[in-house]
2 protein chains.
Amino acid sequence: MDKTALAQHKETIEKAVKATQERTYWSHYNESPKVYGEGGQEAGEKEFLALLQKPFTLNRAQDAGMVGGKKSPFGLSLDLKYPAASVDALVDAAKKAQPKWAAAPFEERALLCVELIHRINKASHLMAYATMHTTGQPWMMSFQAGGPHAQDRALEAVAYGFAAMSQVPQQEVVWEKPQGKQPPISLAKHFAIVPRGVSLVIGCATFPNWNSYPGLFASLVCGNPVIVKPHPMAILPLAITVLEGQKLLKEAGFDPAVLQLAVDTVAEPITQKLATHKDVKIVDFTGGPLFGQWLEENVKHALLYTEKAGVNSVVIDSADDLDALAKNLSLSVSLYSGQMCTAPQNIFIPKDGIQTASGKKSFDDVVAAITKATTGLLGDDARATEVLGALQSGETLKRLQGEGQKAGVVLPSRKVTSAKFPQAEIHTPLFVQVDASEKERFGKEMFGPIVYFVKTKNTEESLNLAAYLAKDKGAISAAVYSNDEKVQTEAMELLFDAGVNVSFNLVGNIYVNQNAAFSDFHVTGANPAGNACLTDLAFVANRFRVVASRILKPVAQAEAPPAAGLAASRS
Amino acid sequence: MDKTALAQHKETIEKAVKATQERTYWSHYNESPKVYGEGGQEAGEKEFLALLQKPFTLNRAQDAGMVGGKKSPFGLSLDLKYPAASVDALVDAAKKAQPKWAAAPFEERALLCVELIHRINKASHLMAYATMHTTGQPWMMSFQAGGPHAQDRALEAVAYGFAAMSQVPQQEVVWEKPQGKQPPISLAKHFAIVPRGVSLVIGCATFPNWNSYPGLFASLVCGNPVIVKPHPMAILPLAITVLEGQKLLKEAGFDPAVLQLAVDTVAEPITQKLATHKDVKIVDFTGGPLFGQWLEENVKHALLYTEKAGVNSVVIDSADDLDALAKNLSLSVSLYSGQMCTAPQNIFIPKDGIQTASGKKSFDDVVAAITKATTGLLGDDARATEVLGALQSGETLKRLQGEGQKAGVVLPSRKVTSAKFPQAEIHTPLFVQVDASEKERFGKEMFGPIVYFVKTKNTEESLNLAAYLAKDKGAISAAVYSNDEKVQTEAMELLFDAGVNVSFNLVGNIYVNQNAAFSDFHVTGANPAGNACLTDLAFVANRFRVVASRILKPVAQAEAPPAAGLAASRS
């Protein structure tokens, strides 16, 4: 381990801490694939292909055979097998690895975390393919969300941990209490940062890295050993992450079991057993609301951070340029086939239409504009594939097909054929028109490429419905289009009260789906979409504890009569 | 509301924030009764007596009749009745009061919190009598722990809240993302601090203010309305606190229901219903392990912070001066009759005795020295009353009497007669000698004035037992006497691993029972004695959430083709 190289990460951490507090634009890992060198993409693909049809080797043995997934959502045969381990073996190894990791100064842990992110960053082109062929994300998104954007989120978690731990004095503190004319009482105090204990990070099928890195790095920097349990369909990106981590830990003289991989199959899941193990002290979960709720009800002994999902809304009240609005939304609803937890599901439009700079537009005009923009965007199959990616799960396809049979379809979903990936399930979004009264249709999460145009009495009803759904079902994003300051204020009040972040009047190359590290707090923790924010101070500050020692400094202690000194500071 | 006077508290907050990070000696509220003015004690007693045999009036009506306690642990007839309210009425009123309080800038809330503490501080002499005659604490402790020490703890919570919220940008933030040769994307962002929601603070019978203020003020400063539910036997100190708060809130133009009092009787408790109410979002609890565990198992929908109790240990390995050690411990075990959650219960001594500056002392010598110091300290009844206070509950008396019948008694408990309080149950501590193998005796919490001298093989066994009990049953304090650096290091390792703070070699006028605000983290949250620390960053940082708005700044947006801009920052 080159300590000098490591020390250079200190500046990165300091910049990152500053960025978490300023929340203006800042990014440490470049999102442009080109920056990663000529031929990087091809090399990454080659590296990825070289991993297939083989057992994946970690840096330490595991005890329960090999399990793994067979197929990419793009149809590619993967046949990747990962070494499995029993729940007890994982937890025991983590516990054994903990003391040395916990005893390292937190700054050393932080520097090692940044070094790990740095190494993962260098593997971004490999990670792009690993992400693409496990999640079904289109390539560019796989590169960015599986690579630099996730890495920025990881660095953000390290920065919060570093800042929180920095508030605890690291040097001896002398507590000297004046005693009138007598010599003061003097205690030398040491404050030790200790970890909570074994940390479990449960990944999801759609954004394995982006969603797991915050919890993973937040726990790691605070001294906790981490067991990463990817979704059985999206193991590879996290397996690569764990392997890089294990290599680095070994180099740095730590037990590689500080970072472990837990794998299982859809048929024989181990996550419940892991999450309720008595020695697991922190659980991070991103994934479906059903399992999230199960965890919320059953994990009583550990800290639990959840990001589930919800029903995201767009409220259209007025616009400068309907076409610009339509173009923007067409991408928002199409990107990765609506499989982002920030993707809009419901678009609320007043029955009497909206005002635009070029005059009044009817409800039908608005629907037609968005429909036109979407069919335009996705007209070409090759281009559509680059936007939509593939459906990650058969459940989503079934949901899409079921909804396509029902009343109100204004734009049927179209199956896209990819020359490169003939077996992939690629489908354009389904547009359905419903009335505000049909809450049983649009009032629940319909994960995937399903969009409802909801006809409301007026914008007030639109806003109230959006806020009601966020409060009741959870929401991670909201978008409002309005030039009316009163409407903007009302929207802010209602949606803030529902605990959902809101974007106004987005057009051009910025989308409601996007949450930028170091600026946007992802998930508020203030509605049922999740109980935590990835990442803020509260997400990290409880992952370590402080234990202190006090030793009396041997000065001449004149003893006061105890009755005068019943300074019984406490209970 | 005098805004200028209020603004002066800003400096207090800044000093307090600095103190939480430095953790040297700092106190804002003077602990010396004399500082509070000539005749203050007498005036406080008068004020207290004037409250008795009357209904206690809050600043707003409640809907469920009057309930209250009859008798002080010192035997004084109180016959105080408090206005009760139904659970739904309390929660509804809190919810109605929340929006305006939450909408105030956090700095305004922080200043008002400090103003409230400032006013409570002025009432410290009244609070001393209110605390004394509800908890049984001796007067000096009542003054300090019910007054200035609790007020410092309150200020500490406000400081942590202020610091955590200060990290969220309060002004508009411009996020400007470069787009190569095109104009940057520019979003104006606002970050709003929103409260979690209704906060419930459950007080305990022994330290109503000291233990409740951290949660109360942490929730309040973060914008949450607070319902204070005192223990039915210790209502008055918190009722006075709530009344002062309601008066101040009204003056400042807020709904006094931002701070409410919930009262019940031992026979008809309402705490479970309150704690599991769906609209209660934060629960703070200090009290017995049994109810604490019930809460940990049943409160799934709200943040829960518990301080329960545990088994505190003293390990004696060696000492400079056995008499000084004995004197110090005699006060630690006598103060408020062991009814402090930091009071030592088990004193581990090696069977072969210990080394001191004046030669080897046998196990029996050590026991004899502590016994002698204790009988000396408590020999005079008037003086003993000032140290012991009264037993708060009949349960504690029964436990003491039961243990007194068993084998191993080396110093029986003696009933102390107070001329001033002839009806009070005042009892000196019971000393019992047991062997390290008798874990069924000393291996559980025996709340009250019961002390075990545990004869161990050696210091190693002593330390292992102390650490084991802390891990298994919880512990809030530990004391070690040793001049051997190796033993000190081993003690630190073992006890830190068990998540318990440890004090070394305390003699003179400083006791293991004492935890000072702004320096000692009270409770680590790292063993079963409690899941949180009162107070640290983690105790406060999750009591508010951040919700954000983003609005596109109307610069000329050249639209890049979407495929190049699939900057799909996230899931």
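The model is predicted, and every value below is computed from it.

The interface between the chains is considered first. In the predicted model, 103 residues of chain A are in contact with 103 residues of chain B, and the area buried between chain A and chain B is about 8800 Å². Carbon and sulfur atoms give 59% of that buried area. The size of an interface is often expressed in this way, as the accessible area lost when the parts come together. One of the salt bridges between the chains is formed by A:Asp536 and B:Arg545, for which the closest N and O atoms lie 3.0 Å apart. On the side of chain A that touches chain B, strand 22 of chain A gives the most, contributing 8 residues.

Strand 22 of chain A, which covers residues 544-552, also pairs with strand 4 of chain A, in the antiparallel sense and over 9 bridges. Within this pairing, A:Val194 has A:Arg545 of strand 22 of chain A as its bridge partner. Strand 4 of chain A (residues 182-195) is joined as well to strand 3 of chain A (residues 173-179), the two running antiparallel with 6 bridges between them. In this second pairing A:Gln179 stands opposite A:Gln182 of strand 4 of chain A. Strand 3 and strand 4 of chain A form a hairpin with 2 residues between the strands, and A:Gly180 takes a positive phi near 60° there. As for burial, 10 of the 14 residues of strand 4 of chain A fall under 20% relative accessible area, so that strand 4 of chain A is largely enclosed by the rest of the structure.

In chain B, helix 18 comprises the 15 residues 459-473. At 1.5 Å a residue, helix 18 of chain B should span 21 Å, and this expectation agrees with the separation of its end C-alpha atoms, which are 21 Å apart. The buried residues of helix 18 of chain B include B:Thr459, B:Ser462, B:Leu463, B:Leu465 and B:Ala466, together with B:Ala467, B:Leu469 and B:Ala470. These buried residues pack against several elements of chain B, among them strand 10 (313-316), strand 12 (346-350), strand 19 (450-456) and helix 19 (485-497). Helix 17 (439-442) and strand 20 (478-481) of chain B are also among the elements against which the buried residues of helix 18 pack. After helix 18 of chain B comes B:Gly474, with a positive phi near 90°.

B:Thr459, which is placed in helix 18 of chain B, has a relative accessible area of 10% and is therefore classed as buried. Its side chain is joined to that of B:Asp317 by a polar contact of 2.5 Å. When neighbours within four places in sequence are left aside, B:Thr459 is in contact with B:Val315, B:Ile316, B:Asp317, B:Pro350 and B:Val487.

Over all chains, the structure holds 53 salt bridges. In chain A, A:Lys278 forms a salt bridge with A:Asp279, the closest N and O atoms being 3.0 Å apart. A:Lys278 counts as exposed at 58% relative accessibility, whereas A:Asp279 counts as buried at 14%.

In chain B, B:Glu403 takes part in a salt bridge with B:Lys406, with the closest N and O atoms at 3.2 Å, and in another with B:Arg441, with the closest N and O atoms at 2.8 Å.

Notes: Residues are numbered from 1 along each chain as its sequence is written. Chains are lettered from A and ligands numbered from 1 in the order in which they are written. This is a predicted model: local features need pLDDT of at least 70, side-chain atom pairs count only at pLDDT 80 or more; totals for chains, interfaces and linings use all residues. Side-chain values use heavy atoms; hydrogens and water are left out. Helices (H or I, at least four residues) and strands (E, at least two) are DSSP runs, numbered from the N terminus. The expected span of a helix is 1.5 Å times one less than its number of residues. Buried means under 20% relative accessible area, exposed over 50%, partly exposed in between (1.4 Å probe, protein chains only). Contact means heavy atoms within 4.5 Å. Two strands pair if DSSP finds at least two bridges between them. Buried area is the accessible area (1.4 Å probe) that two parts lose on being put together, summed over both. A salt bridge is a side-chain nitrogen of Lys or Arg within 4 Å of a carboxyl oxygen of Asp or Glu. A polar contact is a pair of N or O atoms within 3.5 Å; within protein, one must be able to donate a hydrogen and the other to accept it, and residues adjacent in sequence count only if both atoms are side-chain atoms.
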